[in-house]
Amino acid sequence: MAKKKSILDLHKMKSNKEKVAWITAYDFPTASFAEQAGMDMILVGDSLGMVVLGYQGTVPVTMDDCISHCQAVRRGAPNTFVVGDMPFGSYHKSDEDAVENAVRFLKEADVDAIKLEGGVRIASRIKAIADAGIVAIGHIGLTPQSAGQLGGFKAQGLYVDSAEDLIKDAIAIEEAGALALLLEAVPPELTEFIASKLSIPVYSIGAGLPCDGQLIICGDMLGMFQAFTPKFVKKYANVAEVITNAFKEYVDDVKGENFPEDKHVYHIKDSLEDFQKLFNKYE
Ligand code: KIV
């Protein structure tokens with residue numbers, strides 16, 4: 001079993017130009033599969049609201065939802081760097097509130113870092129969390145919690161003006177004390193520039209190759225999440241089809257009395273005559 005990575009190991013991987021493989025997971029089995037596969041990091045994203053809980057977006061997800069899913073993931077992946085995602089409303093009121101909620105992730109779910117969305121406007125939150133000794137990871141570009149403000153789940157930084165805002169955000173995040181940055185749905189040209197300006201690792205979800213590693217949503221790459229598939233997703237499996245076909249086969253077996261078979265039942269240990277006597281008593 002590989003030793004659990006620390007943030008320093010992730011920084012060393014950047015210096016050694018070794019790419020980080022990062023995936024989301026929300027439950028015990030997926031987390032243990034990710035660890036067995038040699039994943040460097042797991043994000044317990046608030047995407048759990050859409051992928052697991054069936055909400056239209058991430059906004060309804062609560063701190064308690066996140067903590068409970070982080071706990072399950074930690075149990076499944078005790079030796080993997082786990083990042084807890086701060087849900088909408090958990091860092092919006094004040095620096096104090098942000099620290100209090102970030103602390104909950106560490107104390108109650110034993111995560112290694114927390115992630116929060118936003119740039120310049122949340123720099124003071126990142127500073128407060130970093131000052132509390134917690135590893136904070138910034139997230140800019142397409143930030144799903146502000147999808148309403150962005151006009152939907154849309155690529156960001158495609159034009160010079162918005163690209164400049166993202167460069168300012170990235171610099172502010174590093175200066176505030178974040179120890180890594182996630183860029184979502186921005187063009188690779190901008191990713192490459194931002195990665196070259198920062199000394200902290202820069203990771204991509206839909207932001208192309210020129211950075212320090214990739215994140216993907218497990219429900220997307222496994223073909224479990226069916227509402228929509230972003231352009232930046234590569235599907236590695238069609239698990240929805242596998243599960244649905246298995247369920248259909250089970251329904252047919254039950255209706256046709258082809259399940260359970262003899263090998264699926266427990267056999268009596270006393271004689272049938274003895275059992276018949278017992279049944280007769282209750283006739
Ligand atoms: O919640 C999540 O999974 C995320 C990714 C979209 C980056 O924040």
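1. Shell around the ligand. By class, four nonpolar, four polar and four charged residues make up the shell around the ligand. This is a predicted model. The shell comprises Thr24, Leu43, Gly45, Asp46, Ser47, Asp85, Lys115, His139, Leu182, Glu184, Leu215 and Ile217. Leu43, Leu182, Leu215 and Ile217 count as nonpolar because Leu and Ile belong to that class. Asp46, Asp85, Lys115 and Glu184 count as charged because Asp, Lys and Glu belong to that one.

2. Ser47 has a side-chain N or O atom 2.5 Å from an oxygen atom of the ligand. For Asp46, a polar side-chain atom lies 2.8 Å from a ligand oxygen. For Lys115, the distance from a polar side-chain atom to an oxygen atom of the ligand is 2.9 Å. These pairs count as polar contacts because the cut-off is 3.5 Å between N or O atoms.

3. Burial of the ligand. On its own, the ligand exposes 260 Å². The protein buries 97% of that area.

4. Which pocket holds the ligand? The ligand sits in the largest pocket. About 940 Å³ of space lies in that pocket.

5. Lining of the largest pocket. There are 48 lining residues. Nearest the centre of this pocket are Glu184, Ile205, Gly206, Phe232 and Val233. Glu184 is also one of the residues around the ligand.

6. Which element gives the largest share? That is β1, with four residues.

7. The second largest pocket. Its volume is about 420 Å³. The lining has 22 residues, and Thr30, Cys218, Gly219, Leu222 and Met224 are the closest to the centre. By class, 17 are nonpolar, four are polar and one is charged.

8. Elements behind the second lining. At least two lining residues each come from β1, α2 (28-36), α3 and α10. Here α2 provides the largest share, four residues.

Note on methods. Residues numbered from 1 in each chain as written. Predicted model: local features only at pLDDT ≥ 70, side-chain atom pairs only at ≥ 80, totals over all residues. Heavy atoms only, no water. Near = heavy atom within 4 Å. Polar contact = N/O pair within 3.5 Å; in protein donor to acceptor, adjacent residues only side chain to side chain. Areas by Shrake-Rupley, 256 points an atom, 1.4 Å probe, with all protein chains shown as cover. 1 Å grid on protein atoms, 1.4 Å probe; cavity = no way out; pocket = protein on both sides within 12 Å on 5 of 7 lines; lining within 4 Å. Sits in = over half its atoms within 2 Å of the grid points. Points joined across faces, edges and corners; volume = space filled by probe spheres on them.
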